[in-house]
Amino acid sequence: MKILTTTAVAAALLTAAPLHAENTPISSWWNGFTDDVAQTWNAPQHTDFYLPFISWHARFMYDKEKTDHYNENPWGGGLGISRYSDSGNWSALYAMAFKDSHNEWQPVVGYGWEKGWYPGSNQDFRLGAGLTAGITAREDFGNYIPLPIILPLFSAGYKALNVQFTYIPGTYNNGNVLFAWFRYAF
């Protein structure tokens with residue numbers, strides 16, 4: 001057992017050492033990410049209100065008996081802070097709680113980032129695509145054991161009101177959920 005522990009620690013150190021090297025792609029990405037999170041936390045431009053409105057289970061990936069009993073109205077809400085970069089990209093830190101598919105509360109806290117596209121000259125209308133990463137927990141998965149998430153994030157918005165959504169991938173009768181919410185920036 002001692003040899004296994006020593007080997008695991010040595011492997012972790014050898015693997016992690018290159019992450020701290022200067023000017024490596026991973027180091028550069030990590031520094032950019034942590035700088036963006038810090039700037040969003042320290043200098044937010046908006047306070048956001050989140051209102052979940054649908055959690056649609058892809059019918060072609062479920063037995064009808066399962067979807068007949070699922071909750072697809074994820075009542076709940078959330079708050080966050082966000083900002084737009086000079087290039088129009090959106091960054092946010094958020095917390096939400098909503099009713100999951102089994103009508104149990106599901107909390108999530110995380111970071112979201114979207115590349116922004118503005119199809120008009122006045123930049124009132126915006127499309128976005130990016131990622132969200134965070135921690136969630138579910139009653140049906142280990143009685144609320146924290147679970148890390150990294151999911152795609154998409155949006156369409158006009159001025160302060162946005163519709164954002166993600167897709168939770170999965171297997172047959174598990175996952176495969178389109179989850180959407182409104183976000184209003186104050």
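The structure is a predicted model, in which local features need pLDDT of at least 70, side-chain atom pairs count only at pLDDT 80 or more, and totals for chains, interfaces and linings use all residues. Residues are numbered from 1 along each chain as its sequence is written, and side-chain values use heavy atoms, with hydrogens and water left out.

**Overall fold**

- The chain contains three helices and eight strands; helices (H or I, at least four residues) and strands (E, at least two) are DSSP runs, numbered from the N terminus.
- Starting at the N terminus, the order of these elements is α-α-β-α-β-β-β-β-β-β-β.
- Of the contacts between residues at least 6 apart in sequence, 51% join residues at least 24 apart, where contact means heavy atoms within 4.5 Å.

**The barrel and its strand pairs**

- Eight strands form a closed barrel in the order β1-β2-β3-β4-β5-β6-β7-β8, with antiparallel pairing.
- From one strand to the next, the twist averages 25 degrees; axes are lines fitted to C-alpha atoms, for helices over the stretch in contact, and angles run from 0 to 180 degrees between N-to-C directions.
- Strands of a sheet pair through backbone hydrogen bonds, in either a parallel or an antiparallel manner.
- Two strands count as paired if DSSP finds at least two bridges between them.
- Strand β3 (residues 90-99) runs antiparallel to β4 and is joined to it by ten bridges; Ser 91 stands opposite Trp 113 in β4.
- The hairpin of β3 and β4 has five residues between the strands, and Asn 103 in this hairpin takes a positive phi near 65 degrees.
- Strand β4 (residues 105-117) also pairs with strand β5 (residues 125-136), antiparallel and over ten bridges.
- Two glycine pairs belong to these bridges: Gly 110 has Gly 134 of β5 as its partner, and Gly 116 has Gly 128 of β5.

**Surface and burial**

- The chain exposes about 11300 Å², of which carbon and sulfur atoms supply 67%; accessible areas come from the Shrake-Rupley method with a 1.4 Å probe, and for residues only the protein chains shown count as cover.
- Buried residues make up 35% of the 186 residues; buried means under 20% relative accessible area, exposed over 50%, and partly exposed in between (1.4 Å probe, protein chains only).
- Phe 182 lies in strand β8 and counts as partly exposed because its relative accessibility is 31%.
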